Amino acid sequence: MACLLLKKMTPQQKMRLFWLLLIFLFISLFLFLKIIPFGHISYSKNYDSFWQSGKGFIYNFTPVERVSNESDWPRLIGDPVYFSVFTPRTFTEAKLTLSYYSNLADKTPIIEAGVLADKQVWRYDLQPLKNQILDDLKDTWFKVEKDGLVLLQKNKNYESIEQFLTDLENNELKDCVSGITTCLATYNYDPSYQFKLDQVKNTANNISIPLKGNHVLWLYLNDGYWQFQASFVASLEETRNDPLKLILTKDQEIIKEVVLEGEAVDWQAQDLNELSLDGNFSAGLYKLEIKISDDVVIKNIYSSSGLMVFAHKFWPVSYNEKLKVFTDASYLQVKVLDPANLQDISFAGQNFAVTSPYEQFEFKVQGDNLKEIIIEKDDLILENNSIFSLTAEDYFNPLIKKVDRHFSLDSDLNYIIFDYKTPQSDVRDQQLNIASAEFRTKGSYREKGKYNFMLSIPGLKTENGEDDYLAIKEIKIEFTGRSLWQKIFKIGD
Amino acid sequence: MKTFFKTIKPFIFQELFYFSTSLYVVFLIMEIIAPNIILVYFNLNYLFLLIIFSGLMCLRDNN
């Protein structure tokens with residue numbers, strides 16, 4: 001029938017039928033690529049190729065000042081750089097593969113990639129691509145490996161990772177007299193272990209120094225009733241209506257969460273917006289995240305008992321008095337946003353000058369002992385990989401050392417546990433390294449159909465005048481998500 | 001096949017013009033409904049060039 005119809009058609013009609021079929025084919029093809037019915041697709045950007053048929057999925061690196069385009073491939077010369085990836089639909093997982101030539105100095109041993117997981121606090125889920133410190137230690141220390149998890153030992157005390165993890169959980173690590181936080185270091189892995197303090201005070205803690213933006217607190221509580229309160233004010237007249245959250249976790253599990261939704265926050269009201277947590281808690285270590293945007297100021301923090309310290313970041317604002325803060329890290333990163341607050345700060349008895357706004361200054365001193373930081377004017381961001389406390393008496397550090405760029409091999413350190421794979425060299429080009437990282441993109445921030453990624457080389461600075469860079473040859477991202485059938489029949493996540 | 005091509009030769013540019021214009025309109029509608037559905041793979045300017053080219057050739061043939 002169709003054949004007969006085709007025979008009766010004039011050549012012009014036949015051609016129009018062909019065009020119509022071709023248009024239909026194109027529509028079907030692009031709909032297929034939009035829906036991705038099998039739930040798996042790969043997008044790549046090869047900086048070698050000269051011609052591109054479309055816009056592509058992977059956008060250019062920003063900010064442009066941190067990327068040099070003088071050579072064939074873009075060279076990353078500053079840290080961090082961002083790029084976004086357009087996807088026609090959402091996915092649950094992504095695997096990023098980076099092909100690069102490295103011309104990095106020894107002081108920048110780490111390359112990491114991340115996907116923007118939480119826009120409110122600008123948090124990237126960072127995964128390792130390269131860690132030169134671990135690559136070097138792998139050849140000299142005893143190595144035990146299982147399912148991607150690697151344990152390095154200075155002396156061969158453990159035959160299996162399971163045995164090591166059991167001993168770690170029971171606080172019975174061999175060759176670890178000085179305590180777990182000093183004899184163990186980790187990278188991209190958070191082992192569960194029991195942190196214990198002998199004496200914890202039972203008096204209330206009240207911090208009336210206003211703190212700006214998101215802060216993470218470590219709390220050591222006694223058995224019994226405990227109450228926590230935080231009050232908030234807006235730092236700008238037009239504050240975004242982001243929610244205010246208190247998230248309490250113990251052993252990496254959320255045990256309580258209090259939220260004041262953005263619509264419920266009234267910044268114009270005379271009363272302060274308050275969040276509180278209370279209940280009966282068992283003695284031990286807790287992590288409390290005060291999750292707010294940088295437009296919001298924590299006016300006051302109250303804890304009915306126990307010890308309270310700040311992790312990684314401390315941003316005092318509008319206190320207008322000389323302030324003392326304590327930390328045990330051997331370095332301090334300082335950033336000032338307002339030129340009026342440029343100053344000399346004292347860190348471990350040494351004076352360091354913060355001379356320009358919006359630049360992150362890094363000050364280094366010797367030793368792991370407790371150090372005093374004295375700041376004359378507030379509204380400056382203090383950061384490091386350790387703890388900040390307002391008093392020396394209340395100071396405690398429950399954090400296990402991280403193998404970051406500030407890592408130093410102390411004599412007490414006997415174990416390193418990490419989840420990281422060394423990049424491979426290309427078979428044809430030994431200089432070309434291929435590293436990959438996997439991310440969970442379910443719930444990751446996505447705007448206008450784009451996921452935001454970051455490439456971080458901590459310590460790489462544009463303004464240091466050195467010729468160190470990372471040349472990117474190719475970026476490939478494999479996305480995995482629900483197939484069409486799983487979506488229709490609501491199977492999987 | 002030879003006769004087929006011989007027959008369509010006089011109006012090939014006209015047909016190509018119709019086809020490319022229709023495809024352009026279809027792609028444009030798809031882009032409006034779902035942004036970036038086409039543009040990430042294919043730059044519509046290439047298709048626009050084909051419209052211009054076939055249109056000009058069509059005008060030349062008609063003259």
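This is a predicted model: local features need pLDDT of at least 70, side-chain atom pairs count only at pLDDT 80 or more; totals for chains, interfaces and linings use all residues.
Residues are numbered from 1 along each chain as its sequence is written, and chains are lettered from A and ligands numbered from 1 in the order in which they are written.

Chain A contains six helices and 34 strands (DSSP runs numbered from the N terminus: helices are H or I, at least four residues; strands are E, at least two). Along the principal axes, its C-alpha atoms fill a box of roughly 95 × 60 × 45 Å. Of the 493 residues in chain A, 30% are buried (20 or more other C-beta atoms within 10 Å of the residue's own, with C-beta atoms placed from the backbone).

An open, antiparallel sheet of four strands in chain A has the order β21-β26-β23-β24, where strands pair if DSSP finds at least two bridges between them. β21 (323-327) and β24 (350-354) of chain A each have a single partner strand, so one side of each is left without a neighbour in the sheet. In chain A, five bridges join β21 to the antiparallel β26 (residues 371-375); Leu323(A) has Ile375(A) as its bridge partner in β26(A).

The contact between the chains takes 18 residues from chain A and 19 residues from chain B (residues are in contact if their C-beta atoms, placed from the backbone, lie within 7 Å). On the side of chain B that touches chain A, α1 (2-8) and α2 (12-33) of chain B give two or more residues, and α2(B) gives the most, with six residues.

Conventions
Two residues are in contact if their C-beta atoms, placed from the backbone, lie within 7 Å. A residue is buried if 20 or more other C-beta atoms lie within 10 Å of its own, exposed if 12 or fewer, and partly exposed in between; C-beta atoms are placed from the backbone.
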